[in-house]
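Student: I am new to this structure and would like to go through it step by step. Could we begin once it is in view?

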Amino acid sequence: MSATLKQGLTEETVRELSDARDEPEWLLERRLEALASLDDLDLPDVIQTPGRRWTNLTDLQFDSLVDPLNQSDETERVTAEGVEVLDFETALDEHEDLIREELGATLDPQSNYLTALSAALFTTGTLIYVPEGVDAEDVKIRTEMRSDSLFSHTLVVTEESASVTILEAIGDEGSPVTATGEDEGPAADDEGRYFSNLVEVAAGTNSNVQFGSLQDLSEDAYCYTLKHGIAGDHATINWIEGNFGTQITRSDVETELNGEGSESQIVGSFFGHEDQHFDVNARVWHNAEHTTADLVTRGVLDDTARSVYEGVQDVGRDAWDTSSYQRENTLMLSDESEADASPKLIIKNHDTEASHSATVGQVDQQDMFYMTSRGISPDQARNMLVEGFFVPVLEEIAVEEFRDDVEALVQERLA
Amino acid sequence: MSSDQDHLQQTDTEERFDFKKDSEAAYAADKGLTEDTIHAISDDKDEPDWMRERRLRALKQFQAMPMPTDWPGQPDLSEMDINEIVPYIRPDIETRGGVDDWTDLPDDIKDTFDKLGIPEAEKNALSGVGAQYESEVVYQNMLERWEDKGVIFMNMDQAVQEHEEIVKEHFMTNCVPPSDNKFAALHGAIWSGGSFVYVPEDVTVDMPVQAYFRMNTEGMGQFEHTLIIAEEGSEVHYIEGCSAPKYSAFNLHSGGVEVFVGENAHVQYSTVQNWSKNTYNLNTKRALVEQDGRMEWISGSMGSKATMLYPSTVLKGRGASDNHITIAFAGEGQNIDTGAKVYHNAPDTKSTIESKSISKDGGRTNYRGLVHIADGAENSSTAVECDALMFDNESTSDTMPYMEINESKVDVAHEATVGKIGDEDIFYLQTRGLDDDDAKQMIVSGFIEPITEELPIEYAVELNRLVELEMEGSLG
């Protein structure tokens, strides 16, 4: 497809962007390659049923909002002992070979139109490199978006037997989860903002990654994010995602279990209100023997908010002795909201134990009755039950600050 | 049961479905599909003009619609060329609309249905029977006591002539319009045969009525139309059986089924499909259910090269309910893509979907289903349960449910599991003296029991026998 961007999207723009950052030639080449591929690429797949398309991705407004040369962000990075947590420019200086090898190796920049756009235009990002045997906790990256559009790329590489827990948070002015939490910088204009984030995780043999991400952009923003990990032998990749902000978010979280005995957990949570629209997707491919996956998504919808969920458990021919589970639960607080879900199983090896379940409903009336009979007001009872609904997600979070943030955002939304 | 008996039973059943007859047609349309084809069919049937117009309109819609190719994981339809299909064959019988005595049929056709066991079943367990050979119903009969109560069971072509007003109102209008999908449009253009069932108010037809569809000629298409109208407070169980011998060229079956379930009425529609494995089976089946009515779809898909079948129910009236039970068994070279669609368009509506699938020897099954709960359909509930059993590493089992929930006061649950036959279960049965094959067969019989117990005993036995044959890989 082709789109017309606000500032025009030409080779010159990309060269200018790359020159300004003093990038090596190979990186410029890759940006140009991604740019050239745009014409041949389509937007990501969206579920369609008779007469309905679950999300209209052109509503993400990228064509009108993207302004490649005026990207700006304020990012705070907290490292842990033994780990390299570097902004992209520094990382290029210090680990050029590593980046050249790993950038785009896990997540194909030409997966779709929006990933290619991101690969051509990203100006911010982080390298998290965990050397062999290092066990690190609580790496934190908090980014505040300060421009109409921002493209970010995060690359996580863990060497053999390394372990790391990470929180990546994105917000804009006034959001409690970002760097300053203060209302600084230019406010978004009337049309909103477009944030694009690609995350790739290359988990080496026997390594362990927990990648948490928290999105609390203002509600006139649009967000596209694709997170893709490849797990080596006996490696574990756990994703935890919280979506609270934006007008429309399209999020894909994916793991390829390519190593024998590898594991992945994909935990998603969202809380939509007013006319927010979340299109969240969790996918896992079992490509090797003895792999395990667990997909857990919990979401709450209020007002006219809408959620769209696709979960895919794909078990390949060679994935002997697979265990794969998926659960999706949506709580509807309002009659005007809508929850669409499609949990899919694609199984090509019979030596598999696979299941999925999905539920949609309102707050349990018996629970409400019990609590109100104990003298708790209906509003308070409902709020407690909603907070409780998120507990299975909170329990999986390793980074304490992340847990606190999610709890605070849930409470704020209920207030 | 001794192995001798096993052998006998198996040979018997196999022969029953896979024998061929030389075709002696009174009229056969040319291959392909043009307006001339429509006129030829309509002329041969001496149809009223409005039906001819509907056919022509459907043909235009068919020609304008693209082949469905973009469904994730759908069966490959690229080898199916509509222009290679013979759309209409009228067998050489004297009585148009079907005789009511088997002995009045030409010997080869009578012999066909004898082998399929239809006259025998009629004697024992059915209220009425219709039998279609190629494009026309050749036998139609119903017990007198139902006729006396005003129940109508006749072939669809005859109904167009004799019950013109009611057919005109219901035939492919608001239940399954030809615009629904490409194969519904094809069906609307060249449909022939099928059943018309009308059950008056408060009549309960307590034994099932059955229609049996047989394709005999290589490269033909069968497009029978079934229209069931159950008035307020009535009840009927309709059973459909299908088979064809195997040829090297493909056959196409594209049936259309429309069911109108009146207030507080109850319709059960059961199908055991055993088309030969060169048949594309692409059907559109839908029921509209009024207040407190109940629709049940029971489907066993055993045969065909590729099946795409998603019986759907629209719950229009408050308190209406739906129950889907489906079983799919895909062996070598088969792709069985089946499921259910339910629209909850009124409060207090209920649906349950139970799907069982078995894939073996490189076969592929897919459950594809949609549950839609409209805004305002308060206190509705739906429960979907899909279980799949896989035999080997060459087979594929997919589950693709879609849920669209626009109402908060609902109870929506979906569950699915996929797995292999448990080694422990087999071991247990072996310690009780069963060999490996018998043990597997017994586990599969248990797996599909929720379906077989819903069918009249003759059909349950039939289904079990077909499963046994599939398990032995001995059915063509």
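Tutor: Before we start, a term is needed: a residue is called buried when its relative accessible area is under 20%. Please also keep in mind that this is a predicted model.

Student: What share of the 415 residues in chain A is buried?

Tutor: The cut-off for a buried residue is a relative accessible area under 20%. Applied to the 415 residues of chain A, it gives a buried share of 63%.

Student: How many helices and how many strands does chain A have, and what is its radius of gyration?

Tutor: Chain A holds ten helices and 20 strands. For 415 residues the globule rule gives 22 Å, and the value for chain A is close to that, so chain A is as compact as a globular protein of that length; its radius of gyration is 21 Å.

Student: Of the contacts in chain A with a separation of 6 or more, what percentage joins residues 24 or more positions apart?

Tutor: A contact here means heavy atoms within 4.5 Å. Among the contacts in chain A with a separation of 6 or more, those between residues 24 or more positions apart account for 84%.

Student: Is A:Ser196 buried or exposed, and in which strand is it found?

Tutor: The relative accessibility of A:Ser196 is 0%, and therefore this residue counts as buried. Its contacts, leaving aside residues up to four places away in sequence, include A:Leu114, A:Phe151 and A:Tyr224. The strand in which A:Ser196 is found covers residues 193-203 of chain A and is β9.

Student: Turning to chain B, why does B:Ala388 count as buried, and how far is its C-alpha atom from that of B:Val418?

Tutor: B:Ala388 lies in strand β23, residues 380-390 of chain B, and it counts as buried because its relative accessibility is 7%. B:Val418 is among the residues that B:Ala388 touches, when those up to four places away in sequence are not counted. Although B:Ala388 and B:Val418 are 30 residues apart along the chain, their C-alpha atoms are separated by 4.7 Å.

Student: What area is buried between chain B and chain A, and which three residues of chain B supply more of its share than any other three?

Tutor: In the pairing of the two chains, 37 residues of chain B are in contact with 37 residues of chain A. The area buried between them is about 2900 Å², with 49% given by carbon and sulfur atoms. Of the area that chain B buries against chain A, 20% comes from three residues, more than from any other three: B:Asn393, B:Met403 and B:Ser408.

Key:
Residues are numbered from 1 along each chain as its sequence is written. Chains are lettered from A and ligands numbered from 1 in the order in which they are written. This is a predicted model: local features need pLDDT of at least 70, side-chain atom pairs count only at pLDDT 80 or more; totals for chains, interfaces and linings use all residues. Side-chain values use heavy atoms; hydrogens and water are left out. Helices (H or I, at least four residues) and strands (E, at least two) are DSSP runs, numbered from the N terminus. The radius of gyration is taken over C-alpha atoms; the globule rule is 2.2 Å times the number of residues to the power 0.38. Buried means under 20% relative accessible area, exposed over 50%, partly exposed in between (1.4 Å probe, protein chains only). Buried area is the accessible area (1.4 Å probe) that two parts lose on being put together, summed over both.
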